[in-house]
Amino acid sequence: MSSGVDQGRFYEDLGIWAAVTGKVSPEARRALFLDRDGVIVEDPGYLSRVADMIVLPGAAEIIRLANRANIPVVEVTNQSGIGRGYYGWREFLEIEEALRRELSRAGACIDAVLACPYHCDGIAPWNHPAHPARKPRPGMLLAARQFLNLDLGNSLIVGDKICDLQAGYNAGLRGGLLVLTGNGSAHHHSVREW
């Protein structure tokens with residue numbers, strides 16, 4: 001499978017960058033949606049250097065198990081660091097390529113990567129008060145459904161923030177899981193109350 005980095009592009013109409021490398025099934029399939037920072041990799045805050053990328057223990061194994069079960073794995077990541085001008089698409093793509101290589105060494109792969117740079121505090125052209133693709137809104141998950149023919153009603157999302165789970169809820173997913181890595185321990189009380 002080739003890298004998602006060289007196949008990705010920005011979809012102006014959707015407000016997302018997406019790379020889809022997985023196969024589209026004629027029958028709608030359930031999927032596993034994963035946030036990136038704090039779920040797949042450690043979250044140092046605005047991850048922009050490959051040297052700072054560390055895959056979390058167990059993440060590659062979970063992705064590999066989903067791959068073996070023929071469950072598409074979709075990374076959905078808010079990238080306000082791009083929107084705020086802290087780093088650019090080049091740095092984002094370098095990290096995605098490094099992540100792809102590291103997961104590949106572990107026998108795992110992500111079927112699609114979707115990223116939304118919009119933020120209410122973003123700089124032009126990325127400033128938007130509530131972009132429909134930015135989690136907790138469901139735009140990235142709905143786009144993934146179209147790209148890969150997914151059955152959202154039987155899909156799950158894993159995140160480290162309440163906005164990840166809210167995006168899943170807003171997209172009609174079957175459920176979600178908050179991990180205690182990344183920002184998860186700070187958000188678990190909010191999730192229990194939500």
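Visitor: What joins strand 6 to strand 7, and in which sense do they run, parallel or antiparallel?

Guide: In this predicted model, four bridges join strand 6 to strand 7, residues 175-178, and the two run parallel. Pairing asks for at least two bridges between two strands.

Visitor: In what sense do strand 3 and strand 4 pair, and over how many bridges?

Guide: Strand 3 and strand 4 pair in the parallel sense over three bridges. L32 has V73 as its bridge partner in strand 4.

Visitor: Why is strand 4 called largely enclosed?

Guide: A residue is buried when its relative accessible area is under 20%. In strand 4, residues 73-78, six of the six residues are buried, so the strand is largely enclosed by the rest of the structure. Both faces are covered: V73, E75 and T77 are buried on one side, and V74, V76 and N78 are buried on the other.

Visitor: Which pattern do helices and strands follow along the sequence of the protein chain?

Guide: The protein chain has six helices and seven strands. Read along the sequence, they give β-β-β-α-β-α-α-β-α-β-α-β-α.

Visitor: What makes the radius of gyration of the protein chain agree with that of a compact globule?

Guide: A compact globule of 194 residues would have a radius of gyration near 16 Å, and the protein chain has 15 Å, so the two agree. The C-alpha atoms fill a box of roughly 40 × 40 × 35 Å along the principal axes. Buried residues make up 49% of the 194 residues.

Visitor: What share of the contacts with a separation of 6 or more comes from residues 24 or more positions apart?

Guide: Such residues account for 67% of those contacts in the protein chain.

Visitor: Why is V50 called partly exposed?

Guide: V50 has a relative accessible area of 36%, so V50 is partly exposed. This residue is in the loop between strand 3 and helix 1, residues 59-68. Apart from neighbours within four places in sequence, V50 is in contact with E94, I95 and A98.

Visitor: Why is Y46 partly exposed while N70 counts as exposed?

Guide: Exposed means over 50%. Y46 has 38% relative accessibility, so Y46 counts as partly exposed. N70 has 52%, so N70 counts as exposed. Y46 is in the loop between strand 3 and helix 1, whereas N70 lies in the loop between helix 1 and strand 4.

Visitor: What is said of phi at Y46 and at N70?

Guide: Y46 is not a glycine, although its phi is positive at about 55°. N70 is not a glycine either, and its phi is positive at about 60°.

Visitor: Which residues does a cis peptide bond join in the case where omega is about 10°?

Guide: That cis bond joins A124 and P125. P125 lies in the loop between strand 5, residues 112-116, and helix 4, residues 139-148. The peptide bond from K135 to P136 is cis too, with omega near 25°, and P136 is found in the loop between strand 5 and helix 4.

Definitions and conventions: Residues are numbered from 1 along each chain as its sequence is written. This is a predicted model: local features need pLDDT of at least 70, side-chain atom pairs count only at pLDDT 80 or more; totals for chains, interfaces and linings use all residues. Side-chain values use heavy atoms; hydrogens and water are left out. Buried means under 20% relative accessible area, exposed over 50%, partly exposed in between (1.4 Å probe, protein chains only). Contact means heavy atoms within 4.5 Å. The radius of gyration is taken over C-alpha atoms; the globule rule is 2.2 Å times the number of residues to the power 0.38.
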